[in-house]
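This briefing concerns the packing of a helix, the surroundings of a charged side chain and the nonpolar cores of a protein model. Please consult the sequence and structure shown here.

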Amino acid sequence: MNPPNPQQLFQQAIQAHQRGDLAQAELFYLQVLKVAPAHAAAGHMLGIIRAQQGRNAEALSLIGGALRAHPHDADILTNYANVLNALGRFDEALAHHDRALAARPSDAEILNNRGSVLQALGRFEDAIASHTQALRLKGDFLDAFYNRGNALMQLGRHQEALAHFDRVLTAQPGHADAWNNMGNTLQALKRFAEAVAAYDRALAVQPRFAAAWSNRGNALAGLGRHQEALDSHDKALALDPGNAETHIHRGIVLRDLNRLDEALAANDRALALRPGYVDAVSNRGMVLWHMGRNEEALEAYDQALAINPDLAVTWSNRGNALRNLRRTGEAMESFDRALALDPDYPEGYWNKSFAKLQLQDFEAGLPLYEWRKKLPRPDGLRDFPQPVWTGREDLKGKTLFLYAEQGLGDTFQFFRYVARVQALGAEVVIAVQNPLVTILQDATSARVIAFRDRPETFDYHAALMSLPLAFGTRVETIPVATPYLRARPDLVDRWAQRLGPDGFKIGIAWQGNRAAAVDIGRPLPLPRFAGLAQMPGVRLISLQKNDGIEELANLPDGMTVETLGDDFDSGPAFLDTAAVMQNMDLIITPCTSIAHLAGALARPTWVGLKYVPDWRWFLDRPDCPWYPGMRLFRQPTPGDWAPVFADMRAALAGLIRT
């Protein structure tokens with residue numbers, strides 16, 4: 001019997017390979033190599049199949065054997081380089097692509113593959129040049145358009161990248177990777193809704209595309225749709241449970257949902273999968289900071305910076321932890337390190353502003369506070385073609401459009417500046433959070449409109465919280481004329497009748513918005529009020545709405561807190577609250593909108609503050625420059641409310657005796 005003819009076997013292998021029957025082709029190539037072990041072409045082609053199977057080490061050996069036989073063959077050099085690329089040996093891959101290009105300098109495929117390796121090396125400008133050469137040779141080369149778009153995206157040239165992905169998707173609407181990277185580009189541009197739509201197109205083509213599910217979760221988080229974001233990350237992890245980056249992003253969403261124990265576990269899982277993963281270490285610090293565990297947060301940040309000392313975000317977050325530990329000098333140094341690394345980092349300046357303002361340094365702090373306007377999602381800040389009023393422009397006969405930002409309490413606090421602007425001769429229109437329209441309109445001759453509305457015409461505009469800077473405010477020049485809000489007399493009378501004359505009436509609130517980072521550690525534990533409730537003649541009356549109201553169902557034995565019924569503030573927000581406050585002998589609250597409303601009404605108010613409170617309460621002083629007559633009770637150590645309530649009880653005893 002004649003031995004098998006290697007060339008005939010090779011031709012049969014090629015035919016099977018061309019019709020896509022890789023299993024049959026593999027058998028023929030193996031037979032060829034059994035008969036003729038030095039058959040370079042069979043080794044080369046079997047190596048290509050091994051690479052398609054993900055068996056890259058075998059592929060490299062087989063193609064390497066062919067390359068030794070034909071060291072200048074452009075096809076073999078290219079395929080060898082592609083396997084090196086798959087193995088992460090990028091420098092060697094680039095060298096072999098360059099050899100292939102020397103053998104065939106006008107090959108668009110080689111130039112495109114070379115560009116992909118340059119991207120893997122982080123040499124994005126060089127990659128773009130290589131892809132551009134490929135496109136000059138082959139103008140309709142969609143893979144080069146796609147790869148060039150990826151390099152442009154990495155360089156932050158997002159509009160150009162979008163144009164490239166559009167070109168690819170017009171020709172190949174089923175290109176799932178292009179849809180995914182279009183979504184990534186849109187997300188970098190903060191066009192989150194469009195990004196979600198792009199990821200949905202990718203997933204319609206490839207439902208098991210784990211990266212697209214994870215990226216979709218990030219975009220949904222950008223839209224504030226946190227539960228949907230969590231669901232998307234969970235689908236990604238069901239498909240790819242070992243992806244440490246997805247665990248980190250899932251942890252960020254859990255943190256935003258205030259599910260902090262789960263967020264910490266997600267970061268710990270990422271670190272178990274990839275020990276020393278700096279993003280997981282740093283994000284773990286963020287979760288600990290949100291938990292009020294500042295010492296542990298600082299330790300995590302220091303671990304992250306030991307791995308990579310060039311992380312501006314981590315230096316800034318480290319400064320926040322140090323500020324919460326009252327290590328203000330070190331905090332300033334940490335903020336300055338962040339800003340030295342990234343001089344255009346808005347959050348670094350903003351965080352530094354809190355430290356300066358907390359120290360009552362308005363001259364340095366207020367200009368830094370303006371950096372909030374450059375944050376990716378500044379709350380309530382708006383861009384208009386009209387100029388910003390900075391305090392230097394003449395307002396006589398002009399219309400100034402003001403707009404609220406951030407929380408309800410911020411609007412109550414800085415509304416004091418509206419009268420000052422009017423005194424400069426301006427007609428003022430102010431857009432505020434929808435629940436505040438009625439109570440604020442009652443207090444001013446300015447026109448108060450809903451948050452998303454705007455006047456048809458105006459000359460200047462300004463954010464409400466930029467007015468202290470515009471007026472050059474210092475602590476000693478804070479406008480303190482109170483009250484500048486008022487309750488409706490008919491409602492005051494109505495609540496006077498309902499509450500009755502008996503007892504020393506104390507309106508209490510104990511919880512702010514749980515979702516707000518500023519609320520970390522600031523709620524007053526409701527059971528702590530029990531000592532006040534037991535004092536002779538004292539009536540505690542709840543002013544609490546929404547978050548925290550459920551705590552009334554679990555009061556300690558012998559403690560009573562009166563509630564005001566379902567019709568309390570069932571109409572326009574805060575009108576009943578203001579009227580009830582007018583009937584109180586005292587209001588006790590943590591740092592919430594209730595504190596600022598009470599201060600603006602000039603009601604007797606005590607505010608319980610955590611060890612390091614929001615900047616506007618400053619440090620140590622028992623009085624409040626914003627609200628004359630307000631008294632501040634501060635934690636002497638982090639988390640310790642017992643001395644706060646002991647001081648309140650002693651002060652209340654003296655107040656009742658008088």
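In this predicted model, helix 29 (residues 575–582) packs through its buried residues against helix 25 (437–441), helix 27 (489–499), strand 7 (586–589) and helix 30 (593–600).

**Helix 29**
- Seven of the eight residues of helix 29 are buried, and the helix is thus mostly covered.
- Those buried residues are Leu575, Asp576, Thr577, Ala578, Ala579, Val580 and Met581.

**Lys505**
- Lys505 lies in strand 5, which spans residues 504–508.
- Although Lys505 is buried, it forms no salt bridge. Asp585, the nearest side chain of opposite charge, is 4.4 Å away, whereas a salt bridge requires the charged atoms to be within 4 Å.
- The backbone oxygen of Gly500 is reached by the side chain of Lys505 at 3.4 Å.
- Beyond neighbours within four places in sequence, Lys505 is in contact with Leu499, Gly500, Arg539, Ile541, Asn583, Met584, Asp585 and Leu586.

- In soluble globular proteins, nonpolar side chains tend to be buried together.
- The largest nonpolar core comprises 75 residues, and Leu485 and Trp626 have the most contacts inside it.
- Apart from this core lies another, of 71 residues, including Ala40, Leu84, Ala195 and Met286.
- Neighbours within four places in sequence aside, the contacts of Trp626 include the aromatic-named residues Phe362, Phe414, Tyr417, Trp615 and Phe618. Among its other contacts are Gln413, Arg416, Ile478, Val480 and Arg616.

Definitions and conventions: Residues numbered from 1 in each chain as written. Predicted model: local features only at pLDDT ≥ 70, side-chain atom pairs only at ≥ 80, totals over all residues. Heavy atoms only, no water. Helix = DSSP H or I, 4+ residues; strand = E, 2+ residues; numbered from the N terminus. Buried < 20%, exposed > 50% of the residue type's maximum accessible area, 1.4 Å probe, protein only. Lys, Arg positive; Asp, Glu negative; His and termini not counted. Polar contact = N/O pair within 3.5 Å; in protein donor to acceptor, adjacent residues only side chain to side chain. Contact = heavy atoms within 4.5 Å. Core = buried A, V, L, I, M, F, W, Y, C linked by side-chain atoms within 4.5 Å.
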